[in-house]
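These are my notebook entries on a structure that I looked up. I set down each point in the order in which I checked it.

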Amino acid sequence: MSIFEQHESGVRSYSRRWPVVFSRATGSRLHTEDGRRWLDYFAGAGSLNYGHNNPVLKRALLDYVENDGITNALDMFTSARRDLLETLVEVVLRPRSMDHKVVFPGPGGANAVEAALKLARTVTGRSGVVHFTNSFHGATLGALAVTGNPLHRRSAGVPLTGATPMPFDGHDEHPHPEHLARLLAGPGSGLDLPAAVIVETVQAEGGMNVASTEWLRALAELCRQHEILLIVDDVQVGCGRTGPFFSFEDAGIVPDLICLSKSIGGYGLPLALLLVRPDLDVWPPGAHSGTFRGVNPAFVTATEALRTYWRDDTLEKSTRARGEWVGTALQGIVNAHPGAGLSTRGRGLVHGLVVGAELADAVSDEAFAQGLLVETSGPRDEVVKLLPPLTVSDAELAEGLAILEESVRVVLERAA
Ligand code: PLP
């Protein structure tokens, strides 16, 4: 029995899907200590949009460490923090006419979500938050309360309160958050006016469900009419995953609060940001705190990633184009197996192949056997989830899609 099996808690999960010992990683590849390699379409669950050990980011990090740059400074002023703020304003916020303030909420996505929920409640004086079916916002108690996934919810051990679920975009003929609109419209619905609505534009953990731009616009308008704060959780599908830097840009909306983490650090180092409309920045000094709000090496790689990839639209265009490519390839797999109940959905480089709960694990396992890491998602783990680094090469994209195609063929043949 390995040290992992013997001494690590049984709560570990990804190591069960991929039971090998990885030791090195470059670009879109992970290497094991015994010399095998895998193409990585998991990308650290979206934290490695620029690939593993991206050479530009690595150089900046090595230089910083070599010069005895500060590692942790909580929220003290540092030159690395200043560089990040200046670059974020110059490259991301100002070109989009956004004047949001930046909260450093702690190192992970759940920290950004917790801060957003707390701040929305503080600002409005209301406690309720609306979230959507199949949402995932993190594993801490506040984030779990607005998360749909039953396995995660059960782990809380206490009642999860202060949240009301509503149906996510079902792509009706007239996409509109009808149910929420009806409950907000009249007295007697039983829904107290919520502080906030929290939404993912693409529910990655929830099964790669894509909200239409119309639905998002209608949701933003509904929030505006009722003075409900709109929180977009861009932890997984922000930072260019869908094409533009923010996933909501195509909808032409500007959320009141925006949660960023995962790839904002650029290099896989822990970093989260909460962007806050300036008039909502009401917390007094110290009202939200945490030791790891100043992981400066992550500031350095985040700054370098913004400078390298977001000063122009090269990466955005390539992600959109490759997204079309992936979508077409997945549709080809669906078409090749009529009657198998397959379907596909996604946007940019976040795509899912719906193969059903019985087969998704088998497809992921077969892909692993053939050299590709893909995880599953959805409430029944029925979707094979493709999340290659945005910097994946054309050859690696073709290779991964070919492995997936072959894995689906093998699994369907075996099941027949
Ligand atoms: N929000 C979304 C949309 C996520 O996908 C995740 C993680 O997968 C989180 C929040 C939580 O982030 P973290 O795991 O860093 O706490």
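**Entry 1: salt bridges**

I began with the salt bridges of this predicted model, and the count came to 22. I recalled that side chains of opposite charge can pair when their charged atoms come close.

I then looked up single pairs. R311 and E90 meet through their side chains in a salt bridge, at 2.7 Å from N to O. I located R311 in the loop between α11 and α12 (314–336) and E90 in helix α5 (residues 79–93), so this pair ties together parts that are 221 residues apart in sequence. E90 has a relative accessibility of 43% and therefore counts as partly exposed.

The next pair was D250 with R320, whose closest N and O atoms are 2.9 Å apart. It links distant parts of the chain, since D250 is in the loop between β10 (229–233) and β11 (257–260), while R320 is in helix α12, 70 residues apart. I noted that D250 is partly exposed, with a relative accessible area of 34%. R320 is partly exposed as well, with a value of 32%.

R322 has a relative accessible area of 11%, and because buried means under 20%, I recorded R322 as buried.

**Entry 2: the ligand**

I turned to the ligand and listed the residues around it: G108, G109, A110, F136, H137, G138, E200, D233, V235, Q236 and K262. For three of these I looked up distances to the ligand. An N or O atom in the side chain of D233 is 2.6 Å from a nitrogen atom of the ligand. In the case of Q236, a side-chain N or O atom is 2.8 Å from an oxygen atom of the ligand. For K262, a side-chain N or O atom is 2.9 Å from an oxygen atom of the ligand.

How much of the ligand's accessible area does the protein cover? On its own the ligand has 390 Å² of accessible area, and the protein covers 80% of this.

**Entry 3: a buried threonine**

I found T301 in helix α11 (residues 296–309). Its relative accessible area is 0%, so I recorded T301 as buried. Leaving aside neighbours within four places in sequence, I listed the contacts of T301 as L57, L61, G265, G266, Y267 and L269.

**Entry 4: the surface**

I next examined a nonpolar patch on the surface, formed by I3, F4 and V21, which together have about 260 Å² of accessible area. V21 is placed in the loop between α2 (14–17) and β1 (22–26). With 31% relative accessibility, V21 counts as partly exposed.

**Entry 5: a distance across the model**

My last entry concerns E178, which lies in helix α9 (residues 178–185). E178 is partly exposed, with a relative accessible area of 37%. From C-alpha to C-alpha, I noted 51 Å between E178 and Y64, which are 114 residues apart in sequence.

How values were computed
Residues numbered from 1 in each chain as written. Heavy atoms only, no water. Helix = DSSP H or I, 4+ residues; strand = E, 2+ residues; numbered from the N terminus. Buried < 20%, exposed > 50% of the residue type's maximum accessible area, 1.4 Å probe, protein only. Contact = heavy atoms within 4.5 Å. Patch = residues over 30% accessible without salt bridge, like charges linked within 9 Å, V, L, I, M, F, W, Y side chains within 5 Å. Areas by Shrake-Rupley, 256 points an atom, 1.4 Å probe, with all protein chains shown as cover. Salt bridge = Lys/Arg side-chain N within 4 Å of Asp/Glu carboxyl O. Near = heavy atom within 4 Å. Polar contact = N/O pair within 3.5 Å; in protein donor to acceptor, adjacent residues only side chain to side chain.
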